[in-house]
Amino acid sequence: MTTSLFGRDVIRIQDLSLNEVNHVMQTALKYSSALEAGDLLDVMKGKILATLFYEPSTRTRLSFETAMLRLGGLVVSVAEAKSSSSAAKGETLFDTGKMIEGYSDVAVIRHPVVGSAKELADGSGAPVINGGDGAGQHPTQALLDLYTILKEKGKVDGLTVTLAGDLKNGRTVHSLSNLLSNYKVKLNFASPKELAMPAEITEPLKAKGAHISEIESLAEALNDSDVVYMTRIQKERFADPEEYERLKGSYILDRAMVDAAKIGLTIMHPLPRVNEISTDVDDYAGAAYFRQAANGVPVRMALLALVTGMA
Ligand code: NCD
């Protein structure tokens, strides 16, 4: 069956309509059940995914590759793309995109520069998925975050969600706040002033009527939160290492804070964590971050199958 996602690039989360997002969620649930039942799928038999990672990645890359293999497809990848690929010889991403379609049916790119996924997609006839472009967006993370909220809470409407940490440089929170603003959600943005959510993200959300509070105290934000989404201070985006050192301990969620927060708090984190969540939180029932990482597989299976028209 082909759907409206067939042949589409996924560069920014707002590229998907709510119907399309729901379709990804439903398809992910279907694949998750199939995986749990131990079914061997061949939905993507004969199809090839190319992964181009110009920035470090563990979860995004492993879960995309796992997703493709679980669907019976194949993966080719450029190892150490930054240093060993033609990028090191000066090739543009547009030109790299031009050859992608000769090699593969779909591609995932991660790159340190905002707009890079779009440039690759402009060159490529095969669908391109943004696996993170600098401090820009990370749309597939937002999809798996939404899927996680649905699984953990059974709903999205009516929730208060706090996004905490480096809201300036963190691409996951840029995509997630955008996605959540389509629902009846109250958003708390908790960050040091220097790392506040950029106006180019907040302004369109406010214009859309999103319910947003900017708050500096994490403990205060947790009083009414159903979900807290912690993020890492994005060291690699700081021009001044001293500023990173000064801000890196800004928000640390420990067990005492969790025990004082609203009952039933769900704790999320895109990972990797550095020190934002103490390890004494890990055995708290609502600590969902490792389950969240695992949810990347069915969600990325759904997206790969939908954009290639195989779902
Ligand atoms: C995030 C990223 O790369 O933006 N990681 C991930 O994909 N799960 C978050 C981060 O690196 O802090």
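Guide: A polar contact is a pair of N or O atoms within 3.5 Å; within protein, one must be able to donate a hydrogen and the other to accept it, and residues adjacent in sequence count only if both atoms are side-chain atoms. Between domain 1 and domain 2 there are nine residue pairs in polar contact, both residues being at pLDDT 80 or more. The model is predicted, with local features needing pLDDT of at least 70 and side-chain atom pairs counting only at pLDDT 80 or more, while totals for chains, interfaces and linings use all residues. Residues are numbered from 1 along each chain as its sequence is written, and side-chain values use heavy atoms, with hydrogens and water left out.

Visitor: What makes up domain 1 and domain 2?

Guide: Domain 1 covers 13-137 + 296-307, and domain 2 covers 139-293. These bounds come from an automatic or database domain assignment.

Visitor: How do you know that domain 1 and domain 2 are in contact?

Guide: Contact means heavy atoms within 4.5 Å. By that criterion, 32 residues of domain 1 are in contact with 24 residues of domain 2.

Visitor: How much area do domain 1 and domain 2 bury between them?

Guide: The buried area is about 2,200 Å², 62% of it on carbon and sulfur atoms. The term denotes the accessible area (1.4 Å probe) that two parts lose on being put together, summed over both. Within domain 1, the residues losing the most area to domain 2 are I13, M25 and R59, together 28% of what that side buries.

Visitor: Why is L271 called buried?

Guide: Buried means under 20% relative accessible area, exposed over 50%, and partly exposed in between (1.4 Å probe, protein chains only). L271 has 12% relative accessibility, so L271 counts as buried.

Visitor: What is the phi of L271, and where does L271 lie?

Guide: Phi of L271 is near 65°, a positive value in a residue other than glycine. Most residues other than glycine have a negative phi, and most peptide bonds are trans. The peptide bond from L271 to P272 is cis, with omega near 5°. L271 lies in the loop between β9 and α12, and P272 is placed in the loop between β9 (266-268) and α12. Helices (H or I, at least four residues) and strands (E, at least two) are DSSP runs, numbered from the N terminus.
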